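Thanks, everyone, for making the time.

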Amino acid sequence: MNALRNKVQLIGNVGNDPEIRNLEGGKKVASLTIATKDSYKNDKGEKVEQTEWHRVVAWGKTAEIIERFVTKGKEIAIEGKLTHRSYDDKNGEKKYITEVLVNDLLLLGNK
């Protein structure tokens, strides 16, 4: 059961062109958002679609693959884990972020 702890799998469309940063020592990090859609029928029997946005971060070789092949609108599948971090913004207010740290990436679709 340890393999099932903190595991996230998402299939969705990339919401923006990935932001690629080169860090000291040549390491890369990619940041992007993925939209997933779900639908259900409400009390009136009408179909309701709901879109969720997920922040995604990838490091190293995975970031390099994202840099080369992933653009806005591309359908991808990712597997990773949820991470949480906080920072102080320019006004000194503490902000909290939840992200998916990618372990595995699969390129889907033709976009």
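Predicted model: local features only at pLDDT ≥ 70, side-chain atom pairs only at ≥ 80, totals over all residues.

**The core and the helix**

In the largest nonpolar core there are 15 residues, and those that touch the most other members are Leu32, Ile34, Val56, Ile66, Ile76 and Ile78. By such a core I mean a set of buried Ala, Val, Leu, Ile, Met, Phe, Trp, Tyr and Cys residues joined through side-chain atoms within 4.5 Å, where buried is under 20% relative accessible area, exposed is over 50%, and partly exposed is in between, with a 1.4 Å probe and protein chains only. At least two residues of this core come from each of β1 (8-14), β3, β4, α1 (60-69), β5 and β6, the helices being DSSP runs of H or I with at least four residues and the strands runs of E with at least two, numbered from the N terminus.

Residues are numbered from 1 along each chain as its sequence is written, and side-chain values use heavy atoms, with hydrogens and water left out.

Turning to α1, which of its residues are buried? They are Gly60, Thr62, Ala63 and Ile66, and because they fall within an arc of 155° seen down the axis, they line one face of the helix, the arc being that of the directions from the helix axis to the C-beta atoms. Exposed Lys61 and Arg68 sit on the face of α1 turned away from its buried side. The cover over the buried residues of α1 includes β2, β3, β4 and β6, with contact meaning heavy atoms within 4.5 Å.
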